[in-house]
Amino acid sequence: MSEPQEFVPQKIQIGISSCLLGSEVRFDGGHKNSYYCAKEIAPFFEYTSICPEMAIGMGAPRKSIRQIKDGDVLLIQSADGTLDVTAKLHEFSQNKVQELGNLGGYIFCAKSPTCGMERVLEYKKGTNNSTKTGVGVFAKALMDKYPYLPVEEEGRLNDMVIKENFFTRVYAYHDWRNMMASGLTKHKLILFHSRYKYLLMAHSPKWYRELGPVLANLEDLEASAQTYFEGLMTALKVKATRKNHTSTLQHIQGYFKKHLNARQKEELTDAIMKYRQGLLPLLVPMTLINHYLKEFPTEYIENQVYLNPHPEELKLRYAY
């Protein structure tokens, strides 16, 4: 299995660019403190903060660096070319990512030549001409080493849908690794899929249909589990839509048809349809379903991750 299987701590470890936590590590001696990361979500996670530039001894303040394309070669240099840290940053990045198998996610600082997840400026050597086609050296090394690790840039977390999607993946990734750390069995894998049925359906019906057959033949259990894991994380990266949420809610509604009276059925149907039309947030039909679950317990539905993919206190379900 390509993903680490060591003991997974209960508090999820999140990697993060040091400047986002207020550390004065930027080239100008400043920071990019994120209140959201440093205060709002910090109680839920344990951070591993990293600044590759400080780690290789550049200090702060320091001469700024940029990505420079020289033919097929990518250099990390100062604008005037008098400072070249290409080798040092590559060496640090390759070595450091080997130590980060315990992470459950990573939050990067955007546009950084070391930590930018995407759209980093690449300059043509000898000019000030640039394209937004680069990826930070350290970010690329981390994503290459752990291709299914949930990663995001701090600025993009201002988008509620992107934020909810990121943390849904963080908690699913952590859940999977806990399952693997407890010892993989056929029963555990099938049970895991059963719990994720409706979350998968909300994110990607296509992947939900494709992952079922993976579990039909578990002769090579580890290979099947790896295939399933890759499909799971790929599916969850697809942003859930109102259409898919509505279909998922209607499937769950079916489990209550023998228990709800006419008024209750109408109330739930109305909430789901108004959600579909954009008149109500997802939280409204979800609250009703959780209420009916208390009145009419259904173990299969109660165990669905879809109902609680992340802590309620993170307030992420307002995105839809």
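Reader: What makes residues 197-311 a span with a name of its own?

Author: The name comes from a record: UniProt lists residues 197-311 as "domain: DUF1722", in an unreviewed entry. In this predicted model, the span is 68% helix and 0% strand, and its end C-alpha atoms lie 19 Å apart.

Reader: Which residues of H12 are called buried, and why are they placed on the same side?

Author: Buried stands for under 20% relative accessible area, and in H12 that applies to Pro-285, Met-286, Leu-288, Ile-289, Tyr-292 and Leu-293. They cover an arc of only 160° around the axis, so they sit on the same side of H12. Their packing partners are helix H10 (242-253), helix H11 (262-276) and helix H13 (299-302).

Reader: What makes Tyr-306 stand out in the largest nonpolar core?

Author: That core has 68 residues, and Tyr-306 is named with Leu-189 and Tyr-228 as touching the most other members. Helix H9 (residues 221-237) gives the core its largest share, eight residues. Contact is set at heavy atoms within 4.5 Å; leaving aside neighbours within four places in sequence, Tyr-306 meets that with residues including Tyr-198, His-245, Leu-282, Arg-317 and Met-286. Met-286 is also one of the buried residues of H12.

Reader: Which residues belong to the other core?

Author: Another core, of 20 residues, lies apart from the largest one, and among its members are Ile-16, Cys-19, Phe-45 and Leu-157.

Definitions and conventions
Residues are numbered from 1 along each chain as its sequence is written. This is a predicted model: local features need pLDDT of at least 70, side-chain atom pairs count only at pLDDT 80 or more; totals for chains, interfaces and linings use all residues. Side-chain values use heavy atoms; hydrogens and water are left out. Buried means under 20% relative accessible area, exposed over 50%, partly exposed in between (1.4 Å probe, protein chains only). Helices (H or I, at least four residues) and strands (E, at least two) are DSSP runs, numbered from the N terminus. The arc is that of the directions from the helix axis to the C-beta atoms. UniProt positions are given in the numbering used here, feature names are shortened, and annotations may be inferred rather than shown by experiment. A nonpolar core is a set of buried Ala, Val, Leu, Ile, Met, Phe, Trp, Tyr and Cys residues joined through side-chain atoms within 4.5 Å.
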